[in-house]
Amino acid sequence: MATPKKRKSLTRRKRSRAHDKIVLPNIVKCENCQSYKLPHKICKTCGHYKGKLIIQPKVVD
Ligand SMILES: [Zn+2]
């Protein structure tokens, strides 16, 4: 791997890392089963979206 020619100053290093913050994805509760899901996505647990059954959830036993 290539090595950097010059060392970055503390300020430059911090400035370049200013946008590296980890952000959690937005999570909402399902209206049907109250489990957590991503917004504007079908609930993986019950297969509902906007109060309607879209997909039949997989039965795990
Ligand atoms: Zn659900």
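Begin by selecting the donor residues of the zinc ion, which follow the sequence spacing C-x2-C-x9-C-x2-C. The structure is a predicted model, in which local features require pLDDT of at least 70 and side-chain atom pairs count only at pLDDT 80 or more, while totals for chains, interfaces and linings use all residues. Residues are numbered from 1 along each chain as its sequence is written, and side-chain values use heavy atoms, with hydrogens and water left out.

**The zinc site**

Display the SG atoms of Cys30, Cys33, Cys43 and Cys46, which coordinate the zinc ion at 2.2 to 2.3 Å. Donors are N, O and S atoms within 2.8 Å of the metal (3.2 Å for Na, K and Ca); water is not among the atoms, so sites may look incomplete. The angles among the four donor atoms are 106 to 112°, and the site is tetrahedral (four donors with all angles between 85 and 135 degrees).

Next, select Cys33 and Cys43, a pair ten residues apart that links distant parts of the chain. Cys33 is in the loop between strand E1 (28-29) and strand E2 (36-37), whereas Cys43 is in the loop between E2 and strand E3 (48-49). Strands are DSSP runs of at least two residues, numbered from the N terminus.

**Cys33 and Cys43**

Is each of these cysteines buried, partly exposed or exposed? Cys33 is partly exposed, because its relative accessible area is 30%; Cys43 is buried, at 1%. Buried means under 20% relative accessible area, exposed over 50%, and partly exposed in between (1.4 Å probe, protein chains only).

Keep Cys43 selected and show its surroundings: Cys43 touches Cys30, Cys33, Ser35, Lys37 and His48, leaving aside residues up to four places away in sequence. Contact means heavy atoms within 4.5 Å. Then extend the selection to Lys58, which is 15 residues from Cys43 in sequence and 12 Å from Cys43 in space, C-alpha to C-alpha.

**The loop between E1 and E2**

Move to Ser35, placed in the loop between E1 and E2. Ser35 counts as buried because its relative accessible area is 19%. With residues up to four places away in sequence not counted, Ser35 touches Val28, Lys29, Cys30, Cys43 and Thr45.

Gln34 also has its place in the loop between E1 and E2. Its phi is near 65°, a positive value in a residue other than glycine, and Gln34 is partly exposed at 46% relative accessibility.

**The loop between E2 and E3**

Finish at His40, in the loop between E2 and E3. His40 is not a glycine, yet has a positive phi of about 60°. With a relative accessible area of 67%, His40 is exposed.

Conventions. Tetrahedral: all angles 85-135°; square planar, octahedral: opposite > 155°, others 65-115°. Helix = DSSP H or I, 4+ residues; strand = E, 2+ residues; numbered from the N terminus.
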